[in-house]
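Here's a quick tour of one protein structure, written for someone who's just getting started.

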Amino acid sequence: MFSFFKKKSPPAEVPSAPALAPHAAPPPVSAPLAGKPTAPANTPLAPPPSPTAATPDAPTARQGWLDRLKAGLRKTGASITTVFTGTRIDDELYEELETALLMADTGVKATEHLLQDLKRRVKEAKATEPSQVKTLLADAITELLQPLQKPLAIGDHHPTVIMVAGVNGAGKTTSIGKLTKHLADEGLSVLLAAADTFRAAAKEQLAVWADRNTVEIISQQGGDPAAVSFDAVSAGRARGRDVVLVDTAGRLPTQLHLMEELKKIKRVVQKADGTAPHEVLLVIDGNTGQNALAQVKAFDDTLGLTGLIVTKLDGTAKGGVLCAIAREKPIPVYFIGVGEKLEDLETFNAREFAQALLS
């Protein structure tokens, strides 16, 4: 279960209350859950407990996830942490660190930013030991990555339509399946759209996840991806689903005709629901380093991305690419993955990532 998952509910009607002071925000009110008795009209409804609070073993599960993340980023972090095994803070240390960050695919712009920020922190802290510099680097990376940390909000729209794109092999369909499971565990009803109509395996793979999670799927073999997407959004509205997840066909950003097809899918989804898609996610393979950044830029230009899912961070030596994204294209990273198992996809936390990188 995600440690932090923002779920919004439409505001419930409540009796009039005394006038609030100017500019004061009204207290939040949560709608009653379906199938549960409704509280009396004059009784304020308590907000639902967070997933973390509702799950006694959540801290243990999160710690297990952090251990897997540290193991996954070990190749990336090893060359960086080696820099701090010396005894002096000098130009040589910063030069070695610059090389290590570039080798980790942090990118030139992010590396320059981190080195300048780190030198400032070292001066302000009056650090004298390389181990102190390592701690300050973790702080610098955390601050750089902070704009990427944002929860996925569900409930502003019914259904919330999430369009998912990515190149072949990035783990797009698998990530959709894992996300479906997590959404279902949150009590949300999900409808899947198998809009990757030209790859039979994609439809079958998504169908397996649909069966496993007991959710419905809209699909057709060899049909028009935009038409499938339209049918799914229309069905989601008619059936009162909370979320519609649209799995688009994998493609390279250099395949211009397929990128145009993505635009078409988005336009057709908007015809089915004028406010949709509410989220446009790109799944990227963490092993591809700077190429992942190029994909983010290309897909964002085509679709207007709202979030990222970064997969396959287990065993990569290029985990620094998140720093490059934060510096050059700061699109929120909703989830990161370190393996094939369901529990290997989790919400992104800047501090956790920085600490795992330098552990």
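## Charges and strands at a glance

Searching the whole structure turns up 18 salt bridges. Keep in mind that this is a predicted model. Side chains of opposite charge can pair when their charged atoms come close.

**A pair that spans the chain**

- E346 and R62 meet through their side chains in a salt bridge, at 2.6 Å from N to O.
- This pair links distant parts of the chain: E346 sits in strand β10 (residues 345–347) and R62 in helix α2 (residues 58–72), 284 residues apart.

- K181 is partly exposed at 25% relative accessible area, and D185 is partly exposed at 37%.

**A loop tied to a helix**

- D224 and K264 make another salt bridge, at 3.5 Å from N to O.
- D224 is in the loop between β5 (216–218) and α9 (225–238), while K264 is in helix α10 (residues 256–272), so this pair ties together parts that are 40 residues apart in sequence.
- D224 is partly exposed at 32% relative accessible area, and K264 is partly exposed at 35%.
- There's also a network: salt bridges that share partners join D117, R120, R121, E124 and E143.

**A negative patch on the surface**

- D91, E92, E95, E96, E98 and E112 gather on the surface as a patch of negative charge.
- Which helix gives the most to this patch? That's helix α4 (residues 91–103), with five residues.
- E112 lies in helix α5 (residues 108–125) and is partly exposed, with a relative accessible area of 45%.

**An enclosed strand**

- Seven of the seven residues of strand β3 (residues 160–166) are buried, so the rest of the structure largely encloses this strand.
- Both faces of β3 are covered, with T160, I162, V164 and G166 buried on one side and V161, M163 and A165 buried on the other.
- β3 runs parallel to strand β6 (residues 243–247), joined by five bridges, and T160 stands opposite V243 in β6.
- β3 also runs parallel to strand β7 (residues 279–285), again joined by five bridges, and here G166 stands opposite V283.

Definitions and conventions
Residues numbered from 1 in each chain as written. Predicted model: local features only at pLDDT ≥ 70, side-chain atom pairs only at ≥ 80, totals over all residues. Heavy atoms only, no water. Patch = residues over 30% accessible without salt bridge, like charges linked within 9 Å, V, L, I, M, F, W, Y side chains within 5 Å. Areas by Shrake-Rupley, 256 points an atom, 1.4 Å probe, with all protein chains shown as cover. Salt bridge = Lys/Arg side-chain N within 4 Å of Asp/Glu carboxyl O. Lys, Arg positive; Asp, Glu negative; His and termini not counted. Charge placed at Lys NZ, Arg CZ, Asp CG, Glu CD. Helix = DSSP H or I, 4+ residues; strand = E, 2+ residues; numbered from the N terminus. Buried < 20%, exposed > 50% of the residue type's maximum accessible area, 1.4 Å probe, protein only. Pairing = 2+ DSSP bridges.
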